[in-house]
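Here are my notes after a slow look through the model you sent.

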Amino acid sequence: MAHGMKYWIGIVATGCALVAIWLLPPNVASTTSGWISFGRAAEIRYDAISEEYRWTYEALRRVRWSDSLTAVVVGGAVEGVAIAMPDGTGVLDDRVERLEIKIREEITGFGGQLGSMVFGFVYQPYDHGVSEGHRTSNQDRTETYIGSRDGMDYCLQVRTFHRGDLPLILARDLTDTDVLSPKSGVLGPCRFYLKYGLAGAGIQGWLEEGASAFAMESGSEGSTQSDFTRRGYLGFRTVSRSRGWVIVSRCLAGYAEACGQILLDPARTQSDAGHNREIVRRSPVVAMGTGPFSAYSLPDEGYMIADLEAEFGSEAFGKFWTSDESAAAAFEDAFGVDAGTWTLSWATSVRGIDPPGPGLPRSASSGSMLAVGLLLGIAFMRARKQKVA
Amino acid sequence: MFRRLLLGALAASLGWTNALSGQTQQTESELIQQLDSLRPLLERAEAELQAYEAHVREVARSWASEVARVDTVRVGQVRIITPVEQVEAARNLFAEVWEHHFASVDHSPALDEVLFTFQWSDARVPIFTDAVGPHGAVTVHPVEYDSRQSRAVVEARIRSVLALAVSMDLSGLGTDYRRWDPGNPLDARSLESAYRIVAMTQSQASRACLSGDIDACASAMGLGTATGVRQIEDWYSPNERWSLIARTYAGARMGRNSNTIAACLDERSIEHCDQILVDAYRDLTPYRSDVRATLVAHALEVGGQGSWSRLRESADMTPSEALEHASMVPAEELIASWLHRLVENRPDTYERLLPKSGLTMLWALFFAALAMRSTRWRMG
């Protein structure tokens, strides 16, 4: 090796060593504001207690809501449907009437049974029943309540909203849009309750653990993301893999066992589950859909249960839905396939699978080779012409 | 069939309810008991936290008083706290920005409620203040950069924090004006940039506006008189209305359960598309707050000294009336002069030779020259 080259390699190595000394631990504790921050036991303690207090208080409000709202809906439903909202909100009756027509169309469209169950769509100000001195989140979302009252089963979708926004929220429900994106209807998980009745104990527990997120959307035909759209020209769009949950990456890399965990243990992949699950656990709420803000772990995962029903048919799905066994056992028993294998095939069809490992996708490497070959060909032809000349 | 149920004055019912749950649900009395036991713990934790934060503040304050020597500078109504060695720089920069962008602001009550800190140096020091305004503790807006930052960046930040502070004067304006949402006219984008937005807005009203139709400009700004479907028809052609809906639902699996959406998208029924747009309750005004802000900024400029105070006084007026009051010219005339200025500031449609293309060319030449030399990187 020439002397000059050694000299440059030496400079680079010294530079790397200096950077390593600068950046690698141990670091001096410091902040940009200039002073060291000591332990914050008081903050940690306050956060923990106030969070526990908030969850308990939110659960209490839901218990009270459930009591009063179910009384209104079950007592006031006409032909199985009730729409309720606060008085004095200035909403035109014709819009509410159109919403009811839309709801009935949706229910009859998939064969829902209104005789044995009442469906209620309730607009509730998010801060209804908040006592003085308490704070509550003003998140615009839909909560689902399931149960029986005076011998009548009910499924309630309770749309919480900021006072004054009712016309806007009602408009979104009429046009099937959520805060940022379209949605497929207003029924949410109630769609399955209205068609198959109350879920079995095992399935109900699973839904409340977070699987209701898979039941948010109604099945409808439409486009799924094609391989070409997802991967882009020559497949380079997938070179930088998404940074999300490891378990989701593993599923999207083709590992059935990881896909099974996503379906059967949904709390693992839903970041907002911590807050919502505590309220669901302590109150009559069974699902807290948060529209586009919920941490959907897989693309289109809100359709999973609808797709399951479409693929295996009503009979098998009804068996699954009413099963008292655990979700895993009920799944295998009803559909004859384990949850992981099915979820993997579902993910493959709606999104596609990226093989694991550091290599480029096959389309990217073959595309690159083709491009290099083409350029070499052009260079060769050019050189040949020059030689002849 | 239809009956709308009202929830007003709803009392807890006495009916028998059994909420379905696969998990352990708590009863109302259990939850109340739990809250009662948590409350004293929460109060104690909050008191401890407040004491801890007060202690941290005190430590920081005493440390700052030892290491920092600061002074307060006044530029008109603006008060700036800065290290003594930067007093001159702070005064010059704030004065320059104020003169260029805030000439219409004769007096701003909101400025009495704020303080600015200024540091444009690598050795920054902690700055604390106990200053109070007419309504209690003041809000502090920092302008703090290290010396590598360019003067333009620092000036932009000063303009932005001043605009934010002064715009609080308008918080008392009527809901009509606030709903119209003209952004912050004191920090409006340049007319050159606004022209790009206007030219690229997919709206028949916008195209007519650029062709000189003042009524169309007013309509595209959201200052027209039409409402409902009529307003949407003024703004967008049938094709544009259809594509507004199509863009929302593009590639989505959802939305197809609604007959209205299906009729609009699949059958291209404009009546159904219009119905969705009216229902959607979205702000569909072609020109958004970034363009509207340039109109208000223009009104302030036309109105000259005192225009800010007049805008502040127009609490109960409609947006058009407020603009007329601030600028002291009729709305039509104001919009016409805004359009004239906008077209005057139409950006060049070609890429200038300098600086970007020229620099690229210089670098390309530099690397080409290097490549033609014998390289010392050769192995062996």
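1. How many bridges join strand 1 of chain A to strand 2 of chain A, and do the two run parallel or antiparallel? There are four bridges, and the strands run parallel. Strand 2 covers residues 117-125. To pick out one pairing, A:Ala84 has A:Val122 as its bridge partner in strand 2 of chain A. Bear in mind throughout that this is a predicted model.

2. Staying with strand 1 of chain A (residues 81-85), five of its five residues are buried, so the strand is largely enclosed by the rest of the structure. Look at it from either side and you find cover: A:Val81, A:Ile83 and A:Met85 are buried on one face, and A:Ala82 and A:Ala84 are buried on the other.

3. The phi of A:Glu79 is near 50°, a positive value in a residue other than glycine. A:Glu79 is also exposed, with 12 other C-beta atoms within 10 Å, whereas the residues of strand 1 of chain A are buried.

4. Elsewhere in chain A, A:Ala253 belongs to the loop between helix 8 (246-252) and helix 9 (256-264). What does A:Ala253 contact once its neighbours within four places in sequence are left aside? The contacts are A:Ile353, A:Asp354, A:Pro355 and A:Pro356. For A:Pro355, the separation from A:Ala253 is 102 residues in sequence but 5.1 Å in space, C-alpha to C-alpha. Even with those contacts, A:Ala253 counts as partly exposed, with 14 other C-beta atoms within 10 Å.

5. Over to chain B, and its open sheet of four strands, ordered 3-4-5-8 with mixed pairing. The edges are strand 3 (70-75) and strand 8 (139-145) of chain B, each of which pairs on one side only. From one strand to the next, the twist averages 25°.

6. The pairing of strand 3 with strand 4 (residues 78-83) of chain B is antiparallel, over six bridges.

7. Which strands does helix 2 (residues 87-101) of chain B lie across? They are strand 3, strand 4 and strand 5 (114-120) of chain B, and the helix runs at about 25° to strand 3. Helix 3 (residues 151-167) of chain B packs on the sheet as well, touching strand 4, strand 5 and strand 8, with its direction at about 170° to that of strand 8 of chain B.

8. Further along, helix 9 (residues 238-249) and helix 10 (residues 259-266) of chain B pack at about 115°, their axes 10 Å apart. The crossing of helix 9 and helix 10 of chain B is left-handed. B:Trp242, B:Ile245, B:Ala246 and B:Tyr249 come from helix 9, and they meet B:Ile261, B:Cys264 and B:Leu265 from helix 10 of chain B.

9. Helix 15 (residues 331-344) of chain B has 14 residues and reaches 20 Å from its first C-alpha to its last, close to the 20 Å expected at 1.5 Å a residue. Its buried residues are B:Ala331, B:Leu334, B:Ile335, B:Trp338, B:Leu339 and B:Leu342. Viewed down the axis of helix 15 of chain B, the buried residues fall within an arc of 135°, so they line one face.

10. What do the buried residues of helix 15 of chain B pack against? Their partners are helix 5 (191-200), helix 6 (204-210), helix 7 (214-221), helix 12 (289-303) and helix 14 (319-327) of chain B. On the face turned away from the buried side, helix 15 of chain B carries the exposed residues B:His340 and B:Glu344.

11. Last one: B:Met328, in the loop between helix 14 and helix 15 of chain B. The phi of B:Met328 is near 65°, again a positive value in a residue other than glycine. With 14 C-beta neighbours inside 10 Å, B:Met328 counts as partly exposed.

Conventions. Residues are numbered from 1 along each chain as its sequence is written. Chains are lettered from A and ligands numbered from 1 in the order in which they are written. This is a predicted model: local features need pLDDT of at least 70, side-chain atom pairs count only at pLDDT 80 or more; totals for chains, interfaces and linings use all residues. A residue is buried if 20 or more other C-beta atoms lie within 10 Å of its own, exposed if 12 or fewer, and partly exposed in between; C-beta atoms are placed from the backbone. Two strands pair if DSSP finds at least two bridges between them. Axes are lines fitted to C-alpha atoms, for helices over the stretch in contact, and angles run from 0 to 180 degrees between N-to-C directions. Two residues are in contact if their C-beta atoms, placed from the backbone, lie within 7 Å. The expected span of a helix is 1.5 Å times one less than its number of residues. The arc is that of the directions from the helix axis to the C-beta atoms. A crossing is left-handed if the near helix is turned anticlockwise from the far one by less than a right angle, and right-handed if clockwise.
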